[in-house]
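Please look over the sequence and the structure first, then read the notes below.

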Amino acid sequence: MAIRPKPNETASLPPEKESPLQFRNNPEVQKRLDAYKVANANDAAYYTRVVQEAPGRAVDMLLYKDMQRHEADMRLIEKQLPQAKAFYDAQSPEVKSRIDQRLEGVQPYYKDKAFVGEVLREMNRKNRQILTSPKAGMAMAGG
């Protein structure tokens with residue numbers, strides 16, 4: 001998997017000045033991938049040929065898989081969104097402000113996913129506060 005540079009790191013460099021791609025290597029993943037390639041030799045050969053002969057098509061194939069994963073994520077997000085909005089609407093202005101600040105700069109395409117993620121983070125924060133408050137411990141001990 002490629003290590004992605006920050007968007008503005010290479011944007012100012014001319015193409016001939018860009019540094020070469022650097023890849024992380026996870027031996028466990030590579031071992032599983034090698035076994036998968038052996039078991040699916042025809043697919044591995046096909047993808048190798050596509051990369052060599054039609055790199056644009058190879059890019060589309062990779063992005064299509066990413067898009068399918070995103071769409072699957074979004075189906076779940078769409079189910080969670082009404083409850084997330086209800087939770088958000090019930091919060092104090094300071095909590096809403098905290099969530100809104102975290103969402104600044106998020107691309108519109110990912111706004112709903114980021115919103116649900118931030119609401120879940122805030123819900124978790126509230127749950128931890130409940131569990132760590134001294135009153136909750138006393139009430140449980142006295143019950």
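**Overview**

From the N terminus on, the elements of the chain run α-α-α-α-α-α-α. That is 7 helices and 0 strands, where helices (H or I, at least four residues) and strands (E, at least two) are DSSP runs numbered from the N terminus. The model is predicted, so local features need pLDDT of at least 70 and side-chain atom pairs count only at pLDDT 80 or more, while totals for chains, interfaces and linings use all residues. Residues are numbered from 1 along each chain as its sequence is written, and side-chain values use heavy atoms, with hydrogens and water left out.

**The chain as a whole**

- Of the 143 residues, 14% count as buried; buried means under 20% relative accessible area, exposed over 50%, and partly exposed in between (1.4 Å probe, protein chains only).
- The chain exposes about 12200 Å², and carbon and sulfur atoms supply 57% of this area; accessible areas come from the Shrake-Rupley method with a 1.4 Å probe, and for residues only the protein chains shown count as cover.
- Among contacts (heavy atoms within 4.5 Å) between residues at least 6 apart in sequence, 43% join residues at least 24 apart.

**Helix α5**

- Helix α5 spans residues 93-103, and V95, I99 and L103 are buried in this helix.
- These residues lie on the same side of α5 because they cover an arc of only 80° around the axis, taken from the directions from the helix axis to the C-beta atoms.
- An α-helix has 3.6 residues a turn, so residues three or four places apart point the same way.
- The buried residues of α5 pack against α4 (55-89) and α6 (111-132).
- P93, E94 and Q101 are exposed on the other side of α5.
- G105 follows α5 and has a positive phi, near 85°.

**E122 in helix α6**

- E122 is located in helix α6 and is buried, with a relative accessible area of 1%.
- Not counting residues up to four places away in sequence, E122 touches F87, V95, R98, I99 and R102.
- E122 and R98 are 24 residues apart in sequence, and their C-alpha atoms are 9.0 Å apart in space.

**Y109 and the surface patch**

- Y109 sits in the loop between α5 and α6 and is exposed, with a relative accessible area of 52%.
- Y64, M67, Y109 and Y110 form a nonpolar patch on the surface, with about 430 Å² of accessible area together.
- Patches are made of residues with over 30% relative accessible area and no salt bridge, with like charges joined within 9 Å and nonpolar side chains (Val, Leu, Ile, Met, Phe, Trp, Tyr) within 5 Å; a salt bridge is a side-chain nitrogen of Lys or Arg within 4 Å of a carboxyl oxygen of Asp or Glu.
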